Amino acid sequence: FEILNDKTISFLLDSGICKIRQNDIISEFRCTLFEDFLIFSDPDVPDCEQSDLYVDPLWDRYLSKLLIRDKMKAALDMGGGAGIISLVLSTFTDIVYYVDINPRAIKIAKLNAALNLVENIIFINSDLFRNIPNIKFDYIVFNSPTDREGNDYKRLLEAGEQILQRFFTHLKYYLRQDGYCQVSMGIYDSNRNAFEKINSWLSIQEKEKLYLIW
């Protein structure tokens, strides 16, 4: 906490995020410093003990390092979690739309934006694109909660390919023709190529062919 000023520490103590134990300031949350941003999220918890509303920035942190950092007008962070990707996007995008179905994640992301004095993020509670304004984005990033389901492992809000199918089916209505879409995902199918699946979900014409980088 040497990086925090007295005002920020007072806020963290007053809000209950942190507390004083003997001479130390402690928190039940995990505090991460990433690209000059201070990020709060849930502590490390074994998979079997995580609730559906658990917020973990681990994979968001990895995906953030791979972002295409061109100057853009509007970007969409789908499944924003603790808000790491939205915070990074805010540094080179005029306006960022943060979207998550998890109301607890939205509260934590709003807190992280406030702590870092970031004001160009709009927070939306939505199941994928359902509550998104009818606008076109220059950049859409989705750290999808998909995971292997061969052993009936379906945590993370009942993750699965149905989430990817719904996402890609509606993607073309929200992404500019010259825009970028970056997705972290898992497709485990021994019978069908992942690229074939994605293109079938997109239902695009051959002249509008999507270029995928694996």
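Where does Ser64 lie? Ser64 is part of helix α2, which covers residues 58–64. The points below start from the whole chain and return to this residue later.

1. Overall content. The model is a predicted one. The protein has 214 residues, and 43% of them count as buried. Its secondary structure consists of seven helices and nine strands. Among contacts between residues at least 6 apart in sequence, 58% join residues at least 24 apart.

2. The pair α6 and α7. Two packed helices are described by the angle between their axes and the distance between the axes. For helix α6 (residues 161–171) and helix α7 (residues 194–202), the axes come within 7 Å and cross at roughly 50°. The two helices are therefore oblique to each other. Their crossing is right-handed.

3. Residues at the α6 and α7 contact. On the α6 side, the residues that meet α7 are Glu161, Leu164, Gln165, Phe168, Thr169 and Leu171. On the α7 side they are Lys197, Ile198, Trp201 and Leu202. Sorted by class, this contact holds six nonpolar, two polar and two charged residues.

4. The buried face of α6. Ile163, Leu164, Phe167, Phe168 and Leu171 are buried in α6. Viewed down the axis of α6, these buried residues fall within an arc of 120°, so they line one face of the helix. An α-helix has 3.6 residues a turn, so residues three or four places apart point the same way. Leu164, Phe168 and Leu171 also take part in the meeting with α7.

5. The buried face of α7. Here the buried residues are Ala194, Lys197, Ile198, Trp201 and Leu202. Down the axis of α7 they fall within an arc of 135°, so they too line one face of their helix. The buried residues of α7 pack against α6. A lysine, Lys197, is included among these buried residues. Just after α7, Ser203 takes a positive phi of about 55°.

6. Ser64. Is Ser64 buried or exposed? Ser64 counts as buried because its relative accessibility is 0%. Apart from neighbours within four places in sequence, Ser64 is in contact with Phe34, Arg69, Ile84, Ile85 and Val88.

7. Asp77. This residue sits in strand β5, residues 72–78. Asp77 has a relative accessible area of 0% and is therefore buried. Leaving out neighbours within four places in sequence, its contacts are Ile85, Ser86, Leu89, Tyr97, Tyr98, Val99 and Val141. Ile85 is also in contact with Ser64. Between Asp77 and Leu87, 10 residues apart in sequence, the C-alpha to C-alpha distance is 9.7 Å.

8. Ile121. Strand β7 spans residues 121–125 and contains Ile121. Ile121 counts as buried because its relative accessibility is 10%. With neighbours within four places in sequence set aside, Ile121 is in contact with Ser86, Leu87, Ser90, Val96 and Tyr98. Of these, Ser86 and Tyr98 are also in contact with Asp77. The C-alpha atom of Ile121 is separated by 9.9 Å from that of Ala109, 12 residues away along the chain.

9. Although Leu117 is not a glycine, its phi is positive at about 60°. Leu128, also not a glycine, has a positive phi of about 55°.

10. Ile132. The loop between β7 and β8 also holds Ile132. Ile132 is buried, with a relative accessible area of 7%. Which residues are in contact with Ile132, leaving aside its neighbours within four places in sequence? They are Leu76, Val99, Ile124, Ser126, Phe137 and Tyr174. Tyr174 is 42 residues from Ile132 along the chain, with their C-alpha atoms separated by 8.9 Å. Val99 is in contact with Asp77 as well.

Key. Residues are numbered from 1 along each chain as its sequence is written. This is a predicted model: local features need pLDDT of at least 70, side-chain atom pairs count only at pLDDT 80 or more; totals for chains, interfaces and linings use all residues. Side-chain values use heavy atoms; hydrogens and water are left out. Helices (H or I, at least four residues) and strands (E, at least two) are DSSP runs, numbered from the N terminus. Buried means under 20% relative accessible area, exposed over 50%, partly exposed in between (1.4 Å probe, protein chains only). Contact means heavy atoms within 4.5 Å. Axes are lines fitted to C-alpha atoms, for helices over the stretch in contact, and angles run from 0 to 180 degrees between N-to-C directions. Angles under 35 degrees count as roughly parallel, over 145 as roughly antiparallel, 65 to 115 as roughly perpendicular and the rest as oblique. A crossing is left-handed if the near helix is turned anticlockwise from the far one by less than a right angle, and right-handed if clockwise. Ala, Val, Leu, Ile, Met, Phe, Trp, Tyr, Cys and Pro count as nonpolar, Asp, Glu, Lys and Arg as charged, and the others, Gly among them, as polar. The arc is that of the directions from the helix axis to the C-beta atoms.
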